[in-house]
Amino acid sequence: MLVGYGKTFTTTKYKLDIALRMGELLTTKPLLQVQKLKQHFPVTAGLLRRQVGTIKAIDGIDFDLMTQQNLGLVGESGCGKTTLARTILRLYQPTEGKIIFEGIDMTHLKSSRLRSLRTRMQMIFQDPQDSLNPRMTVGSIIAEPLDEHTSLKGKERSGRVEELLDAVGLNPRFSNRYPHEFSGGQRQRIGIARALSLNPKFIICDEPIAALDVSIQAQVVNLLEDLQEKLALTYLFISHDLGMIRHISKRVAVMYLGKIVEVGPANELYTNAQHPYTKALLSAVPLHDPGREAKRERIILSGDVPSPANPPTGCPFRTRCPAVEPKCAISVPKMKAIGQEHRVACHCVM
Amino acid sequence: MTKPSASLSKQSLLDSDGTRLELEHRSMWTDVWRQFRKHKGALAGVFVFVFISVAVFVGPIIHGVDPNAIDFTARNLGPVWSHPLGTDNIGHDTLAQMLAGGQVSLAVGLSAAFIALLLGTLIGVLAGFFKALDGPLMRFTDLFLALPILPLLLVTILLFRDSLRATFGPETGIFLLIVSIIGVTSWMHTARVVRGDVLSIKEREFVTAAHSIGTRRHRIVFRHILPNVLSPIMVSATLGIANAIITESALSFLGLGFPPDFPTWGRLLYDGTNFIQITPSRVIWPGLFIALTVLSVNYIGDGLRDALDPRLRGR
């Protein structure tokens, strides 16, 4: 950790902070390492609440996240994306595996140490309607992290709030208003301002654009990109919008039933997908050119995602895979490197 | 979305659709008061409640008749100049008794409801927020709901009456006893409602956001949970006042409450029921004032609830 977030906040320190972060780019240590992460939720039933099974929401996930190398995470509903995000932030206690942030293993960190680490990792939520307390003014919502972790008071505090509102493109004079007085896009900006208030290094964006209109989506994504450039942020960007993911991420990971099935650099993955699930997902993206769009071949998967409480043996995708083979039912496919940083978990890929 | 520019004028700013943006600092309590004034029922409630309170606490100074003075020459009178609300069967002045009784009833109602509110909110929030406490606390609540209240009251009063009387004097002692007993036996519904609301609010994303920020748990409760469960708390608090007044009268009726020479609205009401055919006003006045108090408090609660909700403000 190069710069601890101190009690006082000054502009010079802020600049210094950014300068030091730029310096960090030169080092090759990953910002975040997730190793063999598992999150299993017990299913209880009966009068005695006896455990009758487990929901394997996340089942062995590995990835490294380099500073400013955004990772995009795609997958259909219920595959564990949000659970992964919340587990990384330790909002759930992981069942197994390790989360290493800036070289600190935070998997079993005590709450006081974890609390100070929280200033450096923040989250932007999916539903801007739900993620802001309706009874707090925008100013106090944005200032909540400041109240919790700094001793800023009065003028300094309101100055910082106005600075943040300005940074996300809202009128700084709005700080006295309530969330319901804003549109969805504006509310999402308020959520972004709150996430930025402590100068975090790492922000998890949990489908930040899913609840917004298409025209507003682009605005918010552009804002996120601008902020990344200005503040040297790193995003873990969760979405099911494949186009947006390609736009904002350096690397993309595809999740299916609590596992990463394919990961690679964005362009490589979009042009040279190997896993049948990735292919099916990509075939669902409409093309801009009407001529090509008319000829677009779609791979339509049958059935639903299997229940994570009772996943299929072997490869989790075998129940819906168009290229399924007998060996898929026997063993779980291992991650295989098939190119520069491109890895895939499929028996059929050689 | 317009980016704020440096040339922003200080006084007024036209929004894109031409409406003037409010730029002056608005304090929350000014807003609350502004919205509260719009609620006609709440204003009427405040008026009635203030009127009743002033009447029972200032009235005895003006109407200087001793509520316990007995005048056998003036029994079962209708309204006359010396006894504006008439007299009862042994010649007590009904108005004097109403005023003296009002002081006790209001004090009992407000303080017992307050105790029940505190207990109910505390237990509801603890049960809803901490999963480990949910089971034990709610079974505890069920236990209280299942308790036969009357025998419990009997035993408690017999056990503690004399020692409390000795410590605080006969009136304060019995007042403390009744208030705490009513408070301790009527918090359960509040607790249940609050627990239910806390359970749903704690799953909202803004609470998750607060966790991810690193907000401490007690702050989450006070900053995010409690303000959002205000509505059911308000409602059960206002209803609780009515309940407390009625329960006190039932206790007095059973001879467990205040001594017989100590009038309360509930006691007057019960005493009057036997004479309803001779002097119906003895029932009508206490009944009317209990109803008016409850109604006005309810309307005040309703108005406050609306005024404290920013989403309803300014409508």
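This passage describes a sheet and a helix pair in chain A, the contact between chains A and B, and one buried residue of chain B. The model is predicted, and local features were considered at pLDDT of at least 70, side-chain atom pairs at pLDDT 80 or more, and totals for chains, interfaces and linings over all residues. Residues are numbered from 1 along each chain as its sequence is written, with chains lettered from A and ligands numbered from 1 in the order in which they are written.

In chain A, an open sheet is formed by eight strands in the order E6-E7-E8-E3-E9-E10-E12-E11, with mixed pairing. Helices (H or I, at least four residues) and strands (E, at least two) are DSSP runs, numbered from the N terminus, and two strands pair if DSSP finds at least two bridges between them. Strand E6 (121-124) and strand E11 (336-339) of chain A each have a single partner strand and stand at the edges, so one side of each lacks a neighbour in the sheet. From one strand to the next, the twist averages 20°. Helix H2 (residues 81-88) of chain A packs on this sheet, where it touches E3, E6, strand E7 (202-206), strand E8 (234-238) and E9 of chain A. The direction of H2 makes about 155° with that of E7(A); angles run from 0 to 180 degrees between N-to-C directions, and axes are lines fitted to C-alpha atoms, for helices over the stretch in contact.

Strand E7(A) pairs in the parallel sense with E6(A) over four bridges and with E8(A) over five bridges. Five of the five residues of E7(A) are buried, so the strand is largely enclosed by the rest of the structure. A residue is buried if 20 or more other C-beta atoms lie within 10 Å of its own, exposed if 12 or fewer, and partly exposed in between, with C-beta atoms placed from the backbone. A:Phe202, A:Ile204 and A:Asp206 cover one side of E7(A), and A:Ile203 and A:Cys205 the other. Elsewhere in the sheet, strand E3 (residues 71-74) and strand E9 (residues 251-256) of chain A are paired in the parallel sense over four bridges, and A:Val74 stands opposite A:Val254 in E9(A).

Helix H4 (residues 138-149) and helix H6 (residues 184-196) of chain A pack with their axes 7 Å apart and at an angle of about 30°. That angle makes H4(A) roughly parallel to H6(A) (under 35 degrees; over 145 counts as roughly antiparallel, 65 to 115 as roughly perpendicular and the rest as oblique). A:Val138, A:Ile141, A:Ile142, A:Glu144 and A:Pro145 of H4(A) meet A:Ile190, A:Ala193 and A:Arg194 of H6(A); contact requires C-beta atoms, placed from the backbone, to lie within 7 Å.

Between the chains, 22 residues of chain B are in contact with 28 residues of chain A. Helix H8 (205-213) and helix H9 (217-228) of chain B each give two or more residues to this side of chain B, and H8(B) gives the most, with eight residues.

Within chain B, B:Ala244 lies in helix H10 (residues 230-253) and counts as buried, with 26 C-beta neighbours inside 10 Å. Beyond its neighbours within four places in sequence, B:Ala244 is in contact with B:Val108, B:Gly109, B:Ala112, B:Ala113, B:Ile182 and B:Ser186. B:Ala116 is 128 residues from B:Ala244 in sequence, yet their C-alpha atoms are 9.5 Å apart in space.

Terms used. Contact = placed C-beta atoms within 7 Å.
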